[in-house]
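Please consult the sequence and the structure shown here while reading.

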Amino acid sequence: MVGVDEYAPRKGRHYGTVLVDVETRRPIDLLPDREASSLAAWLAQRPGVEVVCRDRAPFFAEGATAGAPQAVQVADRWHLWHNLSEAAERSVAQHRRCLSVLTPAAPQPEPGPVPAADPSASPWPRGHRFADRTRARHAAVHALLKAGHSRRSVQRELGMSWRTVKQFADVATPEELFTGQWQNRPSVLDDYKPHLDNRWSEGCTNAWKLWEEIVPLGYKGSYQRVRAYLHDKRTSPRPVTARPPSPRAVAGWILRHPDTLTEPEQIQLKAVRTHCPELDALTGHVRSFAAMLTDRQGERLPDWLEAVRQDDLPSLHTLAAGIDRDREAVIAGLTLPWSSGVVEGHVNRIKMLSSSRGHHSPRLSRNRT
């Protein structure tokens, strides 16, 4: 039983092939390239090979078929799941408009006079180190410019770069520089904002009560964070609501076992599936494939491929077409206990050894395992 994978002495420049004994988990040989002909020649000299574990790279498939036609080829399960994960994320991205269902519609304020902008208003409070430093530097730059100094002179006087001086000089207030600094970073509150928005629209505006509600749902952040979010909703001239989750986040919910999802994640995924038939179908296909993989039910693969073709999921169709071309190896990978996992751990080590003592040294591989 042989595991086959590529390694890169120089990534993007040069690739070789490593072969590992799947039973003993020891490297057997290194080939100087990853050509199908090289692998075929190596296998042809060893007619006792019964199983070849590999990823779905075409050169390994062709080499194994030509050099060991008697052997069973086993597609690696990790690579299969990785390919499915990428296809799932692309599918969610293609239906990102469906994710807007997770953002509650904000009540529209009654039309009225637009209040004058308060120059003292700021998304960062006084006493915040970043905000105070920015305000001070902005004031210093504008004071020198008002006194008649050129921007070059301000640069020398304050020890700033030309770009920094220009950045401060081009804005009337320091608050204009705060946008995009930290506001869009992920927060531990993000998954619970839809719940807070819903309760807010229902009339519950007590921060302490809402904090007590989301703690049993899994929220591990502070009460102050909840209070600050609700304060923004009270004081903002525009309604503050949570942004919809990213396609990657929703794909993560679909790919994870349902039992590992938090209650808010389960609720949001259910809402997405109800709102979008395509993502509902995607979730079903992913979970069906996961069951095949974990329960070793490769005989179900033809039915899975046929079911995928019935739905409007182009990214999944592309994956299914690639799997269909390698159907026998994939069925074996989803059925038999062997995989290429034993090879992955040796790739970096063999790369190091081969670069220091030559690209092709079977004796080195056996003696230095």
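## Salt bridges of Asp170

In this predicted model, Asp170 and Arg151 form a salt bridge through their side chains, with an N to O distance of 3.1 Å. Asp170 is partly exposed, at a relative accessibility of 45%. Arg151 is also classed as partly exposed, at 29%.

Asp170 forms a salt bridge with Lys166 as well, and here the closest N and O atoms are 2.8 Å apart.

Side chains of opposite charge can pair when their charged atoms come close. Glu89 and Arg248 form such a salt bridge, their closest N and O atoms lying 3.3 Å apart. The two residues are 159 residues apart, and the pair links distant parts of the chain: Glu89 is in helix α3 and Arg248 is in helix α10 (residues 247-255).

The accessibility classes of the two partners can be stated in turn. Glu89 counts as partly exposed because its relative accessibility is 27%. Arg248, with a relative accessible area of 59%, is exposed.

## Salt bridges in the whole structure

How many salt bridges does a search of the whole structure find? The search finds 14. A network of salt bridges links Glu306, Arg309, Asp324 and Arg327.

## Packing of α3 against α12

Two packed helices are described by the angle between their axes and the distance between the axes. For helix α3 (residues 77-94) and helix α12 (residues 277-295), the axes come within 11 Å and cross at roughly 175 degrees. Angles over 145 degrees count as roughly antiparallel, and α3 and α12 are therefore roughly antiparallel to each other.

Which residues meet in this contact? On the α3 side they are Arg77, Leu80, Trp81, Leu84, Ala88, Ser91 and Val92. Their counterparts in α12 are Leu279, Leu282, Val286, Phe289, Ala290 and Leu293. By residue class, the contact of α3 with α12 comprises eleven nonpolar residues, one polar residue and one charged residue.

Notes:
Residues numbered from 1 in each chain as written. Predicted model: local features only at pLDDT ≥ 70, side-chain atom pairs only at ≥ 80, totals over all residues. Heavy atoms only, no water. Axes fitted to C-alpha atoms, helices over the stretch in contact; angles between N-to-C directions. Helix = DSSP H or I, 4+ residues; strand = E, 2+ residues; numbered from the N terminus. Parallel < 35°, antiparallel > 145°, perpendicular 65-115°, else oblique. Contact = heavy atoms within 4.5 Å. Nonpolar A, V, L, I, M, F, W, Y, C, P; charged D, E, K, R; others polar. Salt bridge = Lys/Arg side-chain N within 4 Å of Asp/Glu carboxyl O. Buried < 20%, exposed > 50% of the residue type's maximum accessible area, 1.4 Å probe, protein only.
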